[in-house]
Amino acid sequence: MKFYFPRLGWALLALLWLVSPAFAADKPGKRLKKSHKDEVVTLTTAQGVIRLVLFEDTPLHKANFLKKAKSGFYDGTTFHRIIPGFMIQGGDANSKDADPGNDGLGQPNEGTIPAELTPGHKHEYGAVAAARMGGPAGTPSSITQFYLVENHDGAHFLDGQYTVFGQVIQGLDVIDKIAKQPKDGRDRPLADLKMTMKVEKLKCKKIAKLYGYTYQ
């Protein structure tokens, strides 16, 4: 199954799964606070550590991502597609094997998640969003693959088209480092950019203090 994604250039389309009613939030990059604790996902790479939080008003994507992160699904997967000035994409189980040609294609019958297009969540720098098949807004998301916005001005031509379900709260510089790694003509890094993930539940006040993240 092939999945498509708007490519840099602000109008062109390219593969995302490469060679391969929501609740409104008032401000982009923030989430509704409904508890005194939250999960922080720590994504570790050879280029450094990225930490992110997930939005409560995209509950299907949040639950799915946390389940996979906690289970170890993402450990050993790579950022298999990088485009400087745009985004970095990863999470495909195929990227664990020795065949670079199937990276981004996804597993047969792995399923999808209904889109959760929340108007207040924009493609800001460091936004966490779900890959999906090409098609109109509302097309279901990939159940595994995600991307992190690397453009410092955001990628707002994608707003309302792809589900934004989280935000990087530490390690934006690491996204930049990953995006600048050497790559081939398919935007696949020449060297595997592997990741591991862990999930830690912390008090929201502690998250705000440690990482400067403001809860709505």
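The model is predicted. Of its 216 residues, 52% count as buried.

**Overall layout**

- Read from the N terminus, the elements follow the order β-β-β-β-α-β-β-β-β-β-β-α-β-α.

- Strand β9 covers residues 141-149. How many of its residues are buried? The count is 9 of 9.
- Strand β6, residues 87-90, pairs with β9 in the antiparallel sense. The two are joined over 4 bridges. Within this pairing, I88 stands opposite L148 of β9.
- Strand β7, residues 112-113, is also antiparallel to β9, over 2 bridges. Here T112 has S142 of β9 as its bridge partner.
- Strand β8, residues 127-132, pairs with β9 in the antiparallel sense over 4 bridges. A129 faces Y147 of β9 across this pairing, standing opposite it.

**Helix α2**

- Helix α2 spans residues 172-179. Its buried residues are V174, I175, D176, I178 and A179.
- What do these buried residues pack against? They meet β3 (37-45), β4 (48-54), β5 (79-83), β6, β9 and β10 (164-170).

**The nonpolar cores**

- The largest nonpolar core has 25 residues. F65, F79, F146, L148 and M197 have the most contacts inside it.
- Eight elements are listed as contributors: β3, β4, α1 (59-71), β5, β8, β9, β10 and α2 each supply at least two residues of this core.
- Which element gives the most to this core? Helix α2 does, with 4 residues.
- F65 shows how such a residue is surrounded. Leaving out residues up to four places away in sequence, F65 touches V41, L52, L54, Y74, F146, F165 and M197.
- There is also a second, separate core of 21 residues. Among its members are M87, A155, L202 and C204.

**Aromatic rings**

- The structure holds 9 aromatic pairs.
- Y147 and Y162 are both buried.
- F65, F73, Y74, F79, F146 and F165 form one aromatic cluster.

**Charges over rings**

- K96 lies over the face of F73, at 5.2 Å from the ring centre.
- R132 lies over the face of Y162, at 3.9 Å from the ring centre.

- D176 belongs to helix α2. Is D176 buried or exposed? Its relative accessibility is 12%, so D176 counts as buried. The cut-off for buried is under 20%.
- D176 touches Y125, E150 and H152, once residues up to four places away in sequence are set aside.
- D176 and F86 are 90 residues apart in sequence. In space, their C-alpha atoms are 9.9 Å apart.
- E39 has its place in strand β3. With a relative accessible area of 13%, E39 is buried too.
- Which residues is E39 in contact with, leaving aside neighbours within four places in sequence? They are L52, V53, K62, L66, K70, V199, E200 and K201.

Terms used. Residues are numbered from 1 along each chain as its sequence is written. This is a predicted model: local features need pLDDT of at least 70, side-chain atom pairs count only at pLDDT 80 or more; totals for chains, interfaces and linings use all residues. Side-chain values use heavy atoms; hydrogens and water are left out. Buried means under 20% relative accessible area, exposed over 50%, partly exposed in between (1.4 Å probe, protein chains only). Two strands pair if DSSP finds at least two bridges between them. Contact means heavy atoms within 4.5 Å. Rings of Phe, Tyr and Trp (its six-membered ring) pair if their centres lie within 6.5 Å; planes under 30 degrees apart count as stacked, over 60 as edge-to-face and the rest as tilted. A charge sits over a ring if NZ of Lys or CZ of Arg is within 6 Å of the ring centre and within 35 degrees of the ring normal. A nonpolar core is a set of buried Ala, Val, Leu, Ile, Met, Phe, Trp, Tyr and Cys residues joined through side-chain atoms within 4.5 Å.
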